[in-house]
Amino acid sequence: MCGIAGFSLSPGSDVDRTLAAQSLLAAIAERGADAVGYAYRSPGDGYPTVVKQRTPASLLLERISVPPAAGQLLVHVRDYTKGHPSIAANNHPVRHGPVVGIHNGIITNDDELLELHDCARAEPHMTVDSEAIFAVAAHSHSNAGALEQLEGAMAAAWLDEREPELLHLARGTGRPLWLGQGRDGLFFASTKLALEVLEHYCALSLRKRQVREGTLRALCEGKIRAQARFKPKTYFEADPLPAVRAPGELENCLARLAALAPA
């Protein structure tokens with residue numbers, strides 16, 4: 001059970017990007033401690049800047065730095081199921097060609113899908129199942145119907161260097177995804193709590209709602225530019241993982257966040 005979060009900000013937003021990233025990360029920290037990472041992109045950039053490390057969130061929180069001009073953010077904490085975290089390429093954000101993304105869930109037909117693409121598993125010993133999502137996104141140009149090839153559970157977000165203005169957000173089945181909409185843009189997270197923590201520390205007011213299963217959205221400068229529906233394959237998880245995978249990380253990170261935030 002991983003955790004994902006991020007934002008697409010409107011032009012001129014005065015949200016403190018670093019504090020927003022820290023707030024979102026702190027609030028999803030308990031969902032995984034095998035690795036942590038984030039990616040951001042500023043207007044005019046193509047490929048995003050990616051930072052990740054094989055530690056719990058608490059060991060990255062104070063080192064996060066997101067430029068004031070960044071308009072897009074992806075944040076991830078990992079509780080791995082496939083693709084050992086000792087291989088950096090297996091940790092999120094994950095790259096496939098022009099696409100960099102984050103994923104909560106498990107894809108069961110990843111090897112089958114990735115066999116179709118010569119550029120798959122570009123890094124030595126890379127085996128993470130999430131790459132299949134971003135391969136499908138890359139080769140279909142983020143077509144909603146193409147996501148129906150995926151088998152398993154999914155909530156995901158990704159950036160494509162060919163579409164520098166867009167952040168793609170998708171919920172398949174079996175994993176939660178919340179969206180918060182406010183004056184400064186759109187924010188997303190695995191939990192409603194993460195959006196509430198963000199509101200508190202960044203002085204935001206968000207309209208919060210769950211994203212429906214089978215929904216793909218393209219976010220642009222803090223607004224929903226396009227939305228499409230798809231039909232996820234039925235997936236039954238015989239032994240579902242609990243949401244809390246790193247006990248104590250939430251409390252630890254929130255205490256650190258309180259110390260970091262401006263008085």
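How many disulfides does the structure hold? The structure holds zero disulfides, a disulfide being a pair of cysteine sulfur atoms within 2.5 Å. The notes below concern a predicted model, in which local features need pLDDT of at least 70 and side-chain atom pairs count only at pLDDT 80 or more, while totals for chains, interfaces and linings use all residues. Residues are numbered from 1 along each chain as its sequence is written, and side-chain values use heavy atoms, with hydrogens and water left out.

1. Cysteines. C2 is buried at 6% relative accessibility, and C253 is buried with a relative accessible area of 0%; here buried means under 20% relative accessible area, exposed over 50%, and partly exposed in between, with a 1.4 Å probe and protein chains only.

2. Helices α4 and α5. Helix α4 (residues 192-202) and helix α5 (residues 249-260) have axes that come within 12 Å and cross at roughly 15 degrees. Helices are DSSP runs of H or I with at least four residues, strands are runs of E with at least two, and both are numbered from the N terminus. The axes are lines fitted to C-alpha atoms, for helices over the stretch in contact, and the angles run from 0 to 180 degrees between N-to-C directions. α4 and α5 are therefore roughly parallel to each other, given that angles under 35 degrees count as roughly parallel, over 145 as roughly antiparallel, 65 to 115 as roughly perpendicular and the rest as oblique. The crossing of α4 and α5 is right-handed, a crossing being left-handed if the near helix is turned anticlockwise from the far one by less than a right angle, and right-handed if clockwise. On the α4 side the contact is made by L193, V197 and Y201, and on the α5 side by L250, L254, L257 and A258, where contact means heavy atoms within 4.5 Å. By class, this contact of α4 with α5 has seven nonpolar, no polar and no charged residues; Ala, Val, Leu, Ile, Met, Phe, Trp, Tyr, Cys and Pro count as nonpolar, Asp, Glu, Lys and Arg as charged, and the others, Gly among them, as polar.

3. Helices α1 and α5. Helix α1 (residues 17-28) packs with α5 at an angle of about 160 degrees, their axes being 8 Å apart, and the two helices are therefore roughly antiparallel to each other. The crossing in which α1 passes α5 is left-handed. The contact is made by L19, Q22, S23, A26 and A27 of α1, together with L250, C253, L254, L257 and L260 of α5. The residues of this contact of α1 with α5 divide into eight nonpolar, two polar and no charged.

4. Helix α3. Helix α3 (residues 131-140) is mostly covered, with eight of its 10 residues buried. Those buried residues are E131, A132, I133, F134, A135, V136, A137 and A138, and they pack against β5, β6 (99-107), α2 (110-114) and β7 (152-160). α3 is followed by H141, whose phi is positive, near 55 degrees.

5. The loop between β4 and β5. G83 is found in the loop between β4 (72-78) and β5 (94-96), and at 6% relative accessibility it counts as buried. Not counting residues up to four places away in sequence, G83 touches R78, N90, T127 and V128. Y80 is found in the loop between β4 and β5 and is partly exposed, with a relative accessible area of 32%; leaving aside its neighbours within four places in sequence, Y80 is in contact with D34 and P85. P93 is also placed in the loop between β4 and β5, and the peptide bond from H92 to P93 is cis, with omega near 0 degrees.

6. Backbone angles between α2 and α3. As context, most residues other than glycine have a negative phi, and most peptide bonds are trans. R121, in the loop between α2 and α3, has a positive phi near 50 degrees and is partly exposed, with a relative accessible area of 21%. H125 lies in the loop between α2 and α3, has a positive phi of about 70 degrees although it is not a glycine, and counts as exposed at 66% relative accessibility.
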